[in-house]
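This briefing is for a reader meeting the structure for the first time. It goes through a few local features and then the chain as a whole.

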Amino acid sequence: MSTTPALRGTAAARRDAEATKAAILRAARHLLARHAHADITLKAVAERAGVSPPLIVKYFGNKDALFARVMSFDTDADALLDAPLADLGRHMARHVLSSQRERGADPLLRIAFAPLHGDHGDVLRANFRAQVTDRLAARLTGPDRGLRAELAVAALVGLGVMYGIARGPHLRESDVDTIADRYGPLVQAQLTPGTPRPARRTVSG
């Protein structure tokens, strides 16, 4: 049974709307990582996203509603933690780098700019704890789960800072999988302490 033109048009419009929302969220995240919340206007977000301010209002309601979405780590954490515990360190390191390289966005790095945002920084910190570190800690076993989760995430934030802010040339020129192989065990040591490190991958010629 073929799809009618009306249904095809509805599906296309839905895809366009989702793409526009994603562009708005990317623009808001970009600005939030560089400016205080109070200094960011809907006009600035709209200009960076290539849309009109009324379209932001249509999709998100107002500035506070938009930035409530931007200050949430829920969706980012879903992807960041989407691997078995035994492989999670490498997966998270790879995800941080590939997100920056492919999307220009780090799933964790917004937390580094919390001091810029006054009371909104407190919201950012609370979301980060609940949605990232506490959620990771709940997957761990053994003693000091909260501390180990925070140390693992600290290593990932440091990786993101070196790549996205310090722009370390050697890091940025290296293959993502090569870095994940080197850095993943450092993160994994906090997640599953005492377990043997996996052998590094080799690439056959």
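F73 and F128 are both buried. They form an aromatic pair with an edge-to-face arrangement, in a model that is predicted. The structure holds one aromatic pair.

**The aromatic pair and charges over rings**

- The ring centres of F73 and F128 are 5.1 Å apart, and the planes make an angle of 75°.
- F73 belongs to the loop between α4 (63–70) and α5 (74–80), while F128 belongs to helix α7 (residues 119–139), so the pair ties together parts that are 55 residues apart in sequence.
- F73 also has a charge over its ring: the charged end of R110 sits there, 4.3 Å from the ring centre.
- A second ring with a charge over its face is that of Y163, where R172 lies at 4.5 Å from the ring centre.

**The nonpolar core**

- In soluble globular proteins, nonpolar side chains tend to be buried together.
- The largest nonpolar core here has 52 residues, and the members that touch the most others are V45, L66, M92, L108 and L136.
- Helix α8 (residues 145–164) contributes the most to this core, giving eight residues.
- L66 is in contact with I24, L25, A28, L42, V45, I56 and F60, when neighbours within four places in sequence are set aside.

**Helix α8**

- The 20 residues of α8 span 28 Å from the first C-alpha to the last, which is close to the 28 Å expected at 1.5 Å a residue.
- The buried residues of α8 are R148, A149, A152, V153, A155, L156, V157, L159, G160 and Y163.
- These buried residues pack against α6 (88–103), α7, α9 (169–173) and α10 (176–191).
- Y163, the residue whose ring has R172 over its face, is one of the buried residues of α8.

**Loops on either side of α8**

- D144 lies in the loop between α7 and α8, and R167 is placed in the loop between α8 and α9.
- D144 has a positive phi of about 55° although it is not a glycine.
- R167 likewise is not a glycine and has a positive phi of about 55°.
- D144 has 54% relative accessibility and counts as exposed, because exposed means over 50%.
- R167 has a relative accessible area of 48% and is partly exposed.

- G89 is found in helix α6, and its relative accessibility of 0% makes it buried.
- Which residues does G89 touch, not counting those up to four places away in sequence? The contacts are G184, V187, Q188 and L191.
- G89 and G184 are 95 residues apart along the chain, yet their C-alpha atoms are separated by 4.7 Å.
- T192 is placed in the segment after α10.
- Is T192 buried or exposed? T192 has a relative accessible area of 17% and is therefore buried, since buried means under 20%.
- The side chains of T192 and Q188 are joined by a polar contact of 2.9 Å.
- Beyond residues up to four places away in sequence, T192 touches L85 and R148.
- Q188 is thus a polar partner of T192 and also a residue that G89 touches, where touching is heavy atoms within 4.5 Å.

**N62**

- N62 is found in the loop between α3 (53–60) and α4.
- At 40% relative accessibility, N62 is partly exposed.
- The C-alpha atoms of N62 and L42 are separated by 8.2 Å, and the two residues are 20 apart along the chain.

**The chain as a whole**

- The secondary structure of the protein chain consists of 10 helices and zero strands.
- Read from the N terminus, the elements run α-α-α-α-α-α-α-α-α-α.
- The protein chain has 205 residues, of which 40% count as buried.
- Among contacts in the protein chain with a separation of 6 or more, 66% are between residues 24 or more positions apart.

Technical notes: Residues are numbered from 1 along each chain as its sequence is written. This is a predicted model: local features need pLDDT of at least 70, side-chain atom pairs count only at pLDDT 80 or more; totals for chains, interfaces and linings use all residues. Side-chain values use heavy atoms; hydrogens and water are left out. A nonpolar core is a set of buried Ala, Val, Leu, Ile, Met, Phe, Trp, Tyr and Cys residues joined through side-chain atoms within 4.5 Å. Buried means under 20% relative accessible area, exposed over 50%, partly exposed in between (1.4 Å probe, protein chains only). Helices (H or I, at least four residues) and strands (E, at least two) are DSSP runs, numbered from the N terminus. Rings of Phe, Tyr and Trp (its six-membered ring) pair if their centres lie within 6.5 Å; planes under 30 degrees apart count as stacked, over 60 as edge-to-face and the rest as tilted. A charge sits over a ring if NZ of Lys or CZ of Arg is within 6 Å of the ring centre and within 35 degrees of the ring normal. The expected span of a helix is 1.5 Å times one less than its number of residues. A polar contact is a pair of N or O atoms within 3.5 Å; within protein, one must be able to donate a hydrogen and the other to accept it, and residues adjacent in sequence count only if both atoms are side-chain atoms.
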